[in-house]
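Take a look at the chain below.

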Amino acid sequence: MKKSILFLVSFVLLSNLLNVCSATYIQWDGGAGTSNWNTAANWNGDVIPGTADKAGFKSPTGAVVSTTVPTFMDMTLGGVSGGILTVQPGAVLTCTNTWSMGQSYNETGVLNISGGSITVGSWFYVGNAGVGTINITGGSITIGGLFCIANGVAATSVGTVNLDGGTITVSTFNMAAGGGAAKLDITSGKLIINGNVTSAIAGYISNGWIKGYDSPSNVHYDYNVTTPGKTTVWAVGSNKADNPTPANGAVNISRDTSLSWTAGLGAISHNIYFGTASPGTFQGNQAGTAFNPGQLALGTTYYWRIDEVSGAGTTTGDVWNFTTATGEAKNPDPASGAINIAFNKILGWTAGIGAVSHDVYLGTNSSDVNNANRLLGDLNGNGIVDWIDLSMLTGYWLSDPTGTEPYAGIDDDNIVDLYDYTLLAEDWKTSTNPVFKGNQSSTNYNPGTLATDTTYYWRIDEVNSVDTFKGNIWSFTTQSGKAFDPSPANGAASVARDTTLSWTAGAGAASHNVYFGTANPPASIGNQTAATYNPGTLDYSTTYYWRIDEIGSLGTVTGDLWNFTTVPLSTTPVYPYLTWRNDPTNSVVVNWWNPTATGNSSVDYGPTISYGSTATIATVSNFHHVELTSLTPGATYHYRVRSSDGTVGADNTFTTAEENTTSFSFAVYGDPRGGQTADEPYYSRHRVLCNWILAQNFDFAIGTGDTVWEGATPLAMSKFWPEFFEIEKDLSSSKVIMTAMGNHEVQPSGYTGSANYIQFYGDGYPANGTSGNGGRVYSFNYGNAHFINLSSYQIDLNLQKNWLAADLAATAANPNIKWIFAFMHAPMYTTNTSRGNRTDCIAAWGPLFDQYHVDIVFAGHNHLLERSRSIKNGIAVADNVGTVYVTSGLGGAGFDSPGSGSPGLFVMTYNQNTLANCVTINGNSLTVNSITNVDGIVRDTFTLSK
């Protein structure tokens with residue numbers, strides 16, 4: 001067998017490279033009592049999600065969107081009571097990164113879209129680990145990455161898409177990625193996928209996952225025919241024409257659009273009806289399924305119908321409609337309602353369709369701006385009527401009296417005469433400081449220096465060769481000159497003691513007078529140019545007041561008074577330990593235990609020690625389990641635990657898994673348990689091992705059980721468990737440790753006292769195992785590997801066998817999984833004769849390990865290292881044919897000697913020092929180095945390849 005030593009330095013470097021910032025999670029709370037996305041009071045903290053934020057809906061009453069909303073970074077849709085988002089015609093939602101529906105196993109998310117558009121920059125999961133449903137009857141969803149229906153595990157992930165209109169356009173497409181329940185039911189819509197994926201679509205149809213009108217036989221698909229360079233999937237369920245483009249009810253349609261449809265069954269030709277009144281005027285009969293109506297009018301609703309002509313007669317079609325885009329200006333900059341706008345702001349907008357020029361209106365009264373009209377006498381478009389316009393009019397009269405020049409004839413009668421002079425004179429009298437600022441070709445307007453603390457209203461009318469489209473009234477408010485955007489936010493609680501104050505400088509500020517202290521008003525600190533102030537280490541549980549007065553071109557501008565309160569004093573040491581309940585790329589569970597007090601559970605987290613996000617569970621308990629979700633893959637987060645019992649933990653960090661990684665490493669160790677007395681060296685050895693594992697910067701760790709001497713007694717809760725969490729604290733607070741339950745955790749009482757173990761781990765581990773097992777049986781994926789934890793005790797082996805068969809079958813169907821590992825406490829095969837082979841486990845699980853080619857099974861219980869040959873059907877076979885069984889029990893407990901059991905099956909044993917099995921995966925290659933931490937010597941190594 002090929003042997004090699006794989007250095008771990010590359011993983012340290014990789015971890016450092018992956019320190020990226022995360023976003024702020026802003027959850028919909030409906031605080032305004034409306035369904036308007038653009039109302040800040042409807043969002044937690046009264047902040048509408050922006051380009052660096054994650055939007056979240058975890059309540060059954062969500063937003064109804066029919067306008068453009070600010071661009072945001074991520075979307076999580078789904079809560080325990082359901083999360084709903086409704087998208088209607090006119091809506092424009094742009095999500096630059098990811099969109100997840102049914103994020104966690106107990107959450108349900110629903111997206112209803114009848115029009116408008118949703119654009120997602122990266123992946124879109126419908127049923128990530130929970131339940132997700134899309135009901136689309138119109139509009140469009142465009143996804144720059146993977147669109148996956150039922151992305152998570154088989155037991156909990158359910159994804160349903162009812163495509164009854166509109167289009168879903170994606171880069172890549174997958175269904176039931178983790179073995180979940182996936183369904184795509186199509187009637188009147190289209191799914192469009194980059195490239196040729198017809199073979200995959202055929203497989204999904206064969207599985208019954210894609211249906212048209214509730215039947216697989218009604219689904220149609222092609223590549224490079226309906227859509228060039230793409231696979232298009234649609235359904236035909238009747239003799240009627242179907243699948244209209246533009247979609248029924250679509251808005252903002254181009255003036256030069258062409259109509260197309262899917263022919264009904266048996267259709268030979270098509271009678272076309274089209275016009276501005278329903279059902280349209282007969283346009284003729286044709287064989288093709290596309291019709292060009294010519295250039296359409298702006299802002300107009302058109303109706304059309306296709307009657308299918310076949311040998312059996314004529315089938316009257318449904319009446320469809322769409323509305324063309326208006327010529328209005330869009331996307332104002334600054335956004336309407338924006339505040340703290342600079343005094344020298346240049347206004348900008350997106351031109352309406354067909355616009356040749358733009359009439360600009362600006363003023364401080366909304367009614368004036370709304371009612372203002374163009375000064376017809378302003379021939380040069382500079383916003384005023386003066387001698388220049390009079391001279392231009394005279395020039396037109398002399399050189400072009402028929403008015404072919406733009407605006408030559410003021411009264412639009414196409415003739416320059418004395419009446420035009422009269423109109424010009426009237427405009428001259430009313431043009432002093434007008435709201436109308438002129439006509440221009442540019443989509444930017446410089447209003448000059450604006451007044452301080454003033455609300456301005458503005459309007460852009462779009463002028464094309466035929467019409468003028470009156471614009472909407474937009475507004476913004478200029479800066480007052482005060483400092484704003486304080487950090488910590490005004491009224492913030494539990495602020496870190498080492499926080500640095502910061503703010504955004506007011507307009508014209510050259511320096512800042514800083515006031516800070518515990519008194520109100522606060523004491524003067526002095527003047528400075530920087531917009532940050534470090535007050536040093538603050539006291540616990542103290543309210544501080546601060547104010548920033550701006551010094552500059554506006555003189556001295558007195559700031560607002562702000563305050564915040566620091567974290568409370570913690571009287572009980574707590575030792576957080578990290579686990580996974582769901583996807584390691586975007587979630588982690590932060591667990592801790594306070595034996596002396598009860599309280600709620602909060603975790604502050606974010607890309608820096610300032611955190612920025614908080615997850616809270618209101619339930620009062622000694623045992624705390626807070627899952628952080630919607631995290632960014634491959635990102636490092638700071639976090640601290642807090643509780644109403646007075647606990648405030650220290651700052652710690654963790655790093656989420658990279659998405660779709662095929663290169664990573666993990667450590668395996670077991671049996672760290674201490675003894676009955678304090679003078680035994682077991683825990684001392686384990687502390688050194690944990691610190692060594694942490695220094696190697698593995699991505700995570702696997703424990704094979706026996707963490708404490710006796711876990712089920714009253715003494716366990718006052719001695720053994722506190723000792724264990726204190727010893728592992730540095731490792732477990734920064735790296736996820738997924739462990740198996742050993743016999744010592746449930747001793748004494750005949751291995752039945754599992755209540756304490758379940759309290760510590762039941763809510764921290766995946767709930768996808770056998771029913772009600774409390775974290776003792778579960779599985780999870782990391783990168784291209786699948787991990788299975790089985791229980792050697794308490795849980796019926798045949799019950800686990802049935803669960804294991806389903807879990808392995810789902811894993812085998814997942815094309816992304818390359819490696820399969822199992823771990824448990826008692827070894828199935830061992831050289832030890834006093835605690836010999838678990839023949840009952842071999843009988844229950846061995847055939848499944850053989851059938852699905854589980855690569856390695858790790859165990860503990862026996863306090864030594866031993867590695868088997870490749871085993872299949874209970875005998876040694878060629879390398880890579882069967883399963884390698886590794887006993888890893890040198891975590892700290894007293895060392896055992898190898899015996900003569902399992903003759904011919906084992907290739908090595910070792911029992912002299914504590915060690916960890918260091919597993920490194922690089923795509924199709926896997927290396928296991930068993931390294932003693934006290935000297936760094938590799939005691940055993942082997943490599944598997946696929």
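## Helix α9

Helix α9 spans residues 797–812 and has 16 residues. From its first C-alpha to its last it reaches 22 Å, close to the 22 Å expected at 1.5 Å a residue. That expected span is 1.5 Å times one less than the number of residues. Helices (H or I, at least four residues) and strands (E, at least two) are DSSP runs, numbered from the N terminus.

Which residues of α9 are buried? They are Leu797, Gln800, Trp803, Leu804, Asp807, Leu808 and Thr811. They cover an arc of only 135 degrees around the axis, which puts them on the same side of α9. The arc is that of the directions from the helix axis to the C-beta atoms. An α-helix has 3.6 residues a turn, so residues three or four places apart point the same way. Buried means under 20% relative accessible area, exposed over 50%, and partly exposed in between (1.4 Å probe, protein chains only).

## Around the helix

The buried residues of α9 pack against β55 (778–782), β56 (785–789), β57 (819–823) and α10 (839–851). Contact here means heavy atoms within 4.5 Å. Asp796 caps the N-terminal end of α9. One of its side-chain oxygens lies 3.1 Å from the backbone nitrogen of Asn798.

Ala810 is also found in α9. Leaving aside residues up to four places away in sequence, Ala810 touches Ala154 and Gly178. Ala810 and Ala155 are 655 residues apart along the chain, yet their C-alpha atoms are separated by 9.9 Å.

## The model and the whole chain

This is a predicted model: local features need pLDDT of at least 70, side-chain atom pairs count only at pLDDT 80 or more, and totals for chains, interfaces and linings use all residues. Residues are numbered from 1 along each chain as its sequence is written, and side-chain values use heavy atoms, with hydrogens and water left out. The mean pLDDT (the predictor's confidence in each residue, from 0 to 100) of the protein chain is 88. In the chain, 90% of residues reach 70 or more. Over residues 1–22, pLDDT stays under 50.

The protein chain has 10 helices and 65 strands. Its C-alpha atoms fill a box of roughly 120 × 90 × 45 Å, taken along the principal axes. Of its 946 residues, 54% count as buried. Take the contacts between residues at least 6 apart in sequence: 65% of them join residues at least 24 apart.

## Ser870 in strand β59

Ser870 sits in strand β59 (residues 865–872). Is Ser870 buried or exposed? Ser870 is buried, with a relative accessible area of 2%. A polar atom of its side chain lies 2.6 Å from the backbone nitrogen of Gly882. The backbone oxygen of Ala878 lies 3.3 Å from a polar atom of the Ser870 side chain.

Ser870 and Val907 are 37 residues apart in sequence. In space they are 9.8 Å apart, C-alpha to C-alpha.

## Thr232 in strand β17

Thr232 has its place in strand β17 (residues 230–235). At 0% relative accessibility, Thr232 counts as buried. Beyond four places in sequence, the residues that Thr232 touches include Lys190, Leu191, Ile192 and His220.

A polar contact of 2.7 Å joins the side chains of Thr232 and Thr227. A polar contact is a pair of N or O atoms within 3.5 Å; within protein, one must be able to donate a hydrogen and the other to accept it, and residues adjacent in sequence count only if both atoms are side-chain atoms.
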